[in-house]
Amino acid sequence: YVAYTSGSTGRPKGVMIEHRNVINYLNNCVSTFGVTPQDTVYGLTAVTFDISVMELECSLLIGARLVLEREFLDMDVVASRIRAEGVTVLQMTPSRLHTFLERNSILTLSDVRILLVGGEALSPTLLAELRRLETTRVFHVYGPTETTIWSSADLIRGDAISLGQPLEGEEIFVISKDSALMPRGLPGEICIAGDGVGRGYLNQPELTAKHFVSFPFLPGRRAYRTGDVGQITMGDHLKFLGRSDAQVKIQGVRVETAEIE
């Protein structure tokens, strides 16, 4: 299928995602996040946002119960349905979660078993709130559309904000400006390889060649250059440091400032 993201020239970028990419991600829903057929997944994300695939297809293929929400912008309705429907699997961007917490206590989510938070930077204030969920497995997740939704995850335990480690079937590394592997602790561009990497951009071969690349240390495989700046810590966790361009995230959606200009 084709997932659309914003483009740096005002032209939408259609990312070609293959079945195997989605299947690899859905396998991680079970093996990494722990979703089971006994769970109730909250369909809270608009279908125009790629993370809705987790809610819709994960529940369908795993056999979990799916609760769809039309009033997904009304945080009072969302809180009420989480309780009434017994939601156990939920995902939100940090900005949406912040909006939710303006009207509801974090303890409203106490019965949620699995909570995925990603798509934007996670603030220390929000992290402190999430740590109050003593029985909820809270994952800080990271990944661009080009590598099929989420590519890494960190099970939140302490005070450090981390993007964690690659999901199963994924590989994440950091490169320098001359495409050399950077050692642990040094910053560079985050690149993602593995079973989640899509085919490329629809009808945009030059853009595909620029971002979906091969490296000598990955013979026979391609990796996606994210444009994100990060580092691999001494503990082998991925840390996000910013962007190498002017792209920003607003409610999890990519915005190219050049388009606004």
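Start with the open sheet: 3 strands in the order E1-E2-E12, with antiparallel pairing. Its edge strands are E1 (2-5) and E12 (200-201), each pairing on one side only. Strands (E, at least two residues) and helices (H or I, at least four) are DSSP runs, numbered from the N terminus. Two strands pair if DSSP finds at least two bridges between them.

A word on the model: it is predicted, so local features need pLDDT of at least 70, side-chain atom pairs count only at pLDDT 80 or more, and totals for chains, interfaces and linings use all residues. Residues are numbered from 1 along each chain as its sequence is written, and side-chain values use heavy atoms, leaving out hydrogens and water.

**Stop 1: E1 and E2**

Select residues 13-16, which are strand E2. E2 pairs with E1 in the antiparallel sense, over 4 bridges. Now pick Thr 5: its bridge partner in E2 is Lys 13.

**Stop 2**

Select residues 137-142, strand E7. Is E7 largely enclosed or largely open? Of its 6 residues, 5 are buried, so the rest of the structure largely encloses E7. Buried means under 20% relative accessible area, exposed means over 50%, and partly exposed lies in between (1.4 Å probe, protein chains only).

The chain gets from E6 to E7 through helix H5 (residues 124-130), in a right-handed β-α-β crossover. Right-handed means that, with the strands pointing away from the viewer, the path from the first strand over the helix to the second runs clockwise. Look at Val 117: its bridge partner in E7 is His 140.

Tyr 142 stands opposite Ser 152 in E8.

**Stop 3: helix H4**

Select residues 94-103, helix H4. Which residues of H4 are buried? They are Pro 94, Arg 96, Leu 97, Phe 100 and Leu 101. These cover an arc of only 160° around the axis, so they sit on the same side of H4. The arc is that of the directions from the helix axis to the C-beta atoms. Turn to the face away from the buried side: the exposed residues Glu 102 and Arg 103 are there.

**Stop 4: strand E4**

Finish with Leu 68, in strand E4 (residues 65-68). Leu 68 is exposed, with a relative accessible area of 54%.
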